[in-house]
Structure formats: structure tokens, C-alpha cells
Amino acid sequence: MPPNPNPKPTPISYVLIRWLFKFVLKVFYGTIVIENVDYIPKKGEACILCANHTNSLTDALLLMTASKNFLRMTAKSTQFGRGTFSSWLIEASGALPLHRRMDFPNLDTIDNTAVMNKLYDALEDGDAICLFPEGMSRYLPALSPLKTGVARIISEVLTRRREDPNYEITLLTCSITYMHRHHFRSDVLVRFNPPVKFSPKKHPNLLAPVDFGVIKTLTNFMADQISTGTLDAPSWDVITVAKVAARIYAPLGTKMTLGDHVKVVRTFVEGFKKTGKGWNQYQERSTSWDEGGAIVLKDDVDVLTKQEDARNHVEVDRLAQDLMAYHNKLLKMGIKDDRVRIGWSSRRTILLCIAGRGVLLGVLSLISLPGLILWTPVFAATKWSANRFKKRGPQEDVWDEIAQHKLLVGLFTGCCVWLGCIIMTLPIAPLTAIFVPCLMWLSLRFLEDAVSAFRALAGLLSLLWIGRRTFMQLSDQRRELHGSVKTLAVNALELPDNPEKFFSERGGREKGRVRGTWESSTRYFSIKRRRKRDWNEILRIWPHEE
């Protein structure tokens with residue numbers, strides 16, 4: 001079916017919100033990588049975009065800025081009419097209010113008929129709508145069970161258009177992965193998965209009356225696609241262990257894209273979950289779907305057999321415990337795995353490195369200081385408000401809204417600082433309006449390098465404190481772990497045997513990635529974005545794991 005030749009125009013308020021928060025998100029997150037943008041249907045093609053939901057309003061803002069099309073958003077009805085900035089933001093974006101049973105426990109029935117009819121009409125007119133099929137945002141390491149609403153909408157729209165066999169509706173799933181979702185200058189991967197097109201002609205099994213089993217298998221297919229593109233683990237410990245294993249397998253400096261890094265970590269997550277899904281099972285997925293059920297990963301039985309064979313050489317549960325113990329030792333001693341990998345240096349060399357890092361830290365701090373004065377109210381306000389916000393309830397119910405809270409408080413405070421500078425320099429206000437944002441960006445950019453230099457300096461001082469003997473014990477422990485991790489990675493999970501070579505030859509000039517020594521050196525001085533050697537970096541003095 002060709003796109004609607006006369007699609008509805010994008011509301012001005014939606015355009016302004018998208019423009020504003022595209023800027024705000026780029027300031028808050030160090031790198032936002034969007035994969036497979038070409039999967040997004042053209043304007044005028046009916047589309048349902050659905051994604052995992054772990055970061056409240058921030059998820060919706062990311063999707064709005066990633067797609068050039070107007071997305072008809074939905075939100076829980078309790079977010080409307082509250083008189084807050086976030087409430088106004090949701091209403092101004094054109095979002096529709098959905099009533100959830102959990103929000104109205106005293107009502108016998110919940111009526112969303114009017115809202116659902118608007119969604120059906122939008123899809124029939126060739127618009128795109130955005131839904132989060134988990135039904136709610138939670139701060140959890142695992143994907144929550146998906147509701148069947150998206151599959152039911154597809155069935156209803158196809159039934160309405162059953163007399164038009166050429167009508168098509170696209171289901172586009174998206175996997176959002178935050179390396180540290182609410183930490184300043186962390187990284188985000190937005191991965192669009194292969195789309196699936198539905199039509200009355202090709203999918204008569206979705207026309208009413210439809211069997212619930214078909215609805216359920218379509219929902220399971222969506223869950224499989226979304227979970228395949230992000231980190232889906234039964235506990236935070238599994239994700240932590242997988243990150244440690246990935247760091248040992250592909251050490252600091254391996255020229256990987258953020259997408260490849262997430263795939264490696266995700267592969268180790270599946271290894272420690274013992275699902276039998278390896279690296280090859282996480283490449284591009286088939287886009288077909290039939291009434292028999294969701295797509296099944298090929299060769300799962302073979303991979304399970306390989307993993308069972310690998311367990312003869314390495315006990316996965318024991319390896320996970322050893323990796324966690326090693327990780328906790330590093331945190332306690334204040335050194336990074338890469339320092340242990342490089343090996344011990346003489347005391348004289350360590351002292352020279354400390355001196356060099358100290359000089360670099362001093363220079364970068366001086367460069368950052370003027371703008372840092374302007375950033376201080378923003379940092380103080382967001383820190384204070386985030387700490388207060390965390391006390392509102394349990395971690396899994398509250399922490400998913402911290403990033404959203406920081407974005408809005410930071411935006412408000414930053415605007416106040418900017419306007420304050422303009423008012424104090426009225427004679428040259430036009431220059432100030434441009435100069436202040438530029439100064440704040442440059443100071444933030446080099447503050448990241450200053451914090452990195454401080455962490456390196458602290459690590460070198462820790463080496464002197466722990467001494468050679470303790471360090472060599474750590475080195476021996478890492479050597480044993482490396483052998484076990486490599487066996488699991490190559491024999492069971494089908495990861496490449498030589499990650500440094502494999503990932504340096506894979507891909508192109510992706511955002512945040514360096515391709516060689518010269519580019520790595522020159523990008524250190526880039527004012528656009530920080531050179532990324534570690535995708536787990538955040539603007540924080542001490543190491544942190546989510």
C-alpha cells in the first residue's frame with residue numbers, strides 16, 4: 001500500500017518539543033547511537049512503534065527525537081492535568097490519555113473506547129503511533145511481560161480494512177539500552193529492529209473473530225525482538241557479571257561501536273542465564289511472522305549442546321561468582337581491570353605517570369573552571385532534587401523517573417543561569433546569549449577529560465598503596481578468569497576468538513568510535529564529543545555500576 005499522499009501535518013508544539021529535547025538529551029547523555037534508522041517507515045505509512053520502557057518520559061523523548069515522523073504518543077491518564085511542566089509537556093506533544101486499571105482500583109470497569117478509536121483512526125489515516133507494551137515504566141533489569149494491546153490494535157485495524165486487501169500496517173519494535181540510565185554523560189543505544197508488515201490479504205488469521213492464541217504468539221514475537229536488542233537479565237548481578245566478563249574478553253581500547261559492546265554484554269548475559277543463545281543468534285532477525293507463532297532462533301539446540309560441552313571446561317555458576325569477587329576487589333582497591341591487564345610498572349614509572357596525570361588534570365581543570373562556575377547551580381539543583389525524589393518510594397518504582405527529573409530540573413536551572421547572565425550584561429546581551437551556551441559546552445567537554453584524568457591519577461595512587469605483591473595476586477586471578485571467560489565466549493557463545501581484530505575491521509565510522517591511533521589522539525581534543533574508549537564512562541569521579 002502506498003503512503004498516504006496527504007498525511008496530517010506535524011503540530012508546531014510537537015516540533016518545538018522535539019527540537020528542544022534533542023538538544024537537552026545530547027547534553028545529558030554523552031553519546032546517543034541510533035541503529036537502523038532506515039527501518040522507520042516513510043511519512044504517511046501506518047506504523048505502530050513499540051519499545052521497552054525503563055526510563056519513563058525519557059524513553060518517549062528519545063523516540064520522538066530519533067524519528068522524523070510525527071508519533072502519536074500515549075501516556076497514563078494520571079499524568080494529565082497535574083499542572084506540572086512534565087504534564088504540560090505530555091499534553092503539548094499530542095499524547096492520548098490511557099486509563100490503567102492499577103490507577104483506578106475502585107472502579108469496576110475502565111473505559112478507553114474513545115482513545116482506542118482515535119488510535120484506530122490514526123492508523124487508518126496512515127499515521128504512526130507509539131506504545132510501550134509493558135504497560136508501565138519500572139527500574140528493573142528484566143523486560144516485563146508484554147500486554148496484548150498492540151496485537152489487538154493490529155487485529156482491529158486490519159478487520160476494519162478487510163475490504164481493502166492492499167492496506168498495510170507496519171509493526172516496528174525498538175530496543176533502548178542505557179549504559180547508566182540516570183547518570184550524566186552516560187551513553188544510550190536506540191536500536192530499531194526489522195519491521196513486519198501486516199495486511200488483510202496476507203494475514204487473514206488476524207481478522208475478527210481472531211483466536212487469542214494468534215494474539216499471544218504475535219505478542220511473544222514482539223517481546224523476543226525487543227529483548228534481543230537490549231539487556232534482559234533476571235537480576236542486576238547478572239548484568240554486572242556480564243559487563244565484567246565483556247571487559248575481560250574485549251579489553252579497554254578495543255575499537256567497538258556502542259552497538260557491538262551491547263551485543264557482547266548481552267551475549268554474556270544469555271551465557272550466564274544459560275539460555276543457549278550465542279553471538280550468531282543476535283545478528284539481524286528474520287522479519288517474517290506466521291500464525292503458528294513467534295520466530296524461533298535457529299540452531300538453539302546446537303548452541304545448547306556447545307554450551308553444555310563448554311561447561312565441561314568452565315563451570316558457569318562458579319565463574320560468575322569469581323567474576324563478581326574480582327569486580328568487588330577492584331572497586332575496593334580503586335583500580336580498573338585495564339590496569340591489571342597491562343601489568344605492574346616500576347615505582348619510578350608510576351611516579352612519572354602520576355606527575356603527568358597531575359599536570360594534565362591541572363590544565364584541564366583551569367580550562368573548565370570559568371564555565372564550571374556557570375554549571376554549579378545546575379549540578380547542585382539536579383543533585384538536590386534527585387536525592388529528594390529517590391525518597392518517594394521503592395527503587396523499582398521511583399528510579400526510572402530520575403533521568404526525566406534531572407532533565408527537567410537541569411533545563412529549568414540552565415535557562416535561569418542563561419537568562420541571569422543576559423540580564424547582567426544587557427549592553428551586550430546578544431553576544432552573551434551565544435557566548436554563555438558555548439562556554440558552558442566547552443567547559444563540560446573538557447571537564448569530562450579532567451574527571452577521567454582524576455580517575456587515572458587515583459588509580460595510579462592506588463597502585464602505590466596496594467603494592468606489588470597484592471597486584472601480582474590480582475594479575476594471577478585475572479589471568480585465570482581470562483582463560484575461563486575466553487572458553488565460555490568462544491566455545492559456548494560463539495563470540496570471535498580475536499575480538500580486537502574482529503571489531504576493528506567491523507563496521508564504519510559510527511558515532512563515538514575511533515578507528516586508529518591517529519584518530520584516537522586527534523579526537524582527544526575534539527570539542528564535539530569525548531573520545532570513547534570505555535562505553536561505561538559517566539561524569540563521575542568514582543567508578544559506578546548500575
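The axes of helix H7 (residues 236–249) and helix H8 (residues 258–273) come within 8 Å of each other and cross at roughly 120°, where axes are lines fitted to C-alpha atoms, for helices over the stretch in contact, and angles run from 0 to 180 degrees between N-to-C directions. That makes H7 oblique to H8, since angles under 35 degrees count as roughly parallel, over 145 as roughly antiparallel, 65 to 115 as roughly perpendicular and the rest as oblique. The model is predicted, so local features need pLDDT of at least 70 and side-chain atom pairs count only at pLDDT 80 or more, whereas totals for chains, interfaces and linings use all residues. Residues are numbered from 1 along each chain as its sequence is written, and side-chain values use heavy atoms, with hydrogens and water left out.

The crossing of H7 and H8 is right-handed. Contact, meaning heavy atoms within 4.5 Å, is made by Val238, Ile239, Val241, Ala242, Lys243, Ala245, Ala246 and Tyr249 of H7 and by Val264, Val265, Phe268, Val269, Phe272 and Lys273 of H8. By class, this contact of H7 with H8 has 12 nonpolar, no polar and two charged residues; here Ala, Val, Leu, Ile, Met, Phe, Trp, Tyr, Cys and Pro count as nonpolar, Asp, Glu, Lys and Arg as charged, and the others, Gly among them, as polar.

Another crossing is that of helix H4 (residues 113–124) and helix H5 (residues 149–160), whose axes come within 10 Å and cross at roughly 60°, and H4 and H5 are therefore oblique to each other. H4 passes H5 in a right-handed crossing, a term that applies if the near helix is turned clockwise from the far one by less than a right angle, and left-handed if anticlockwise. On the H4 side the contact includes Met116, Leu119 and Tyr120, and on the H5 side Ile153, Glu156, Val157 and Arg160. Its classes are six nonpolar, one polar and four charged residues.

For the chain as a whole, there are 17 helices and nine strands, taken as DSSP runs numbered from the N terminus (helices H or I, at least four residues; strands E, at least two). Of the 546 residues in the chain, 54% are buried, that is, under 20% relative accessible area, with exposed over 50% and partly exposed in between (1.4 Å probe, protein chains only).

The structure also holds 13 aromatic pairs, in which rings of Phe, Tyr and Trp (its six-membered ring) have centres within 6.5 Å, with planes under 30 degrees apart counted as stacked, over 60 as edge-to-face and the rest as tilted. The rings of Tyr14 and Phe70 have centres 4.7 Å apart and planes at 85°, so the pair is edge-to-face. Tyr14 sits in helix H1 (residues 12–28) and Phe70 in the loop between helix H2 (57–66) and strand S3 (71–72), 56 residues apart; both are buried. Ring pairs also link Phe28, Tyr29, Tyr178, Phe184, Trp375 and Phe379 into a cluster.

Some backbone sites remain. Most residues other than glycine have a negative phi, and most peptide bonds are trans. Asn36, in the loop between strand S1 (31–35) and strand S2 (47–51), has a positive phi of about 65° although it is not a glycine, and at 19% relative accessibility Asn36 counts as buried. A cis peptide bond, with omega about -5°, joins Ala208 and Pro209.
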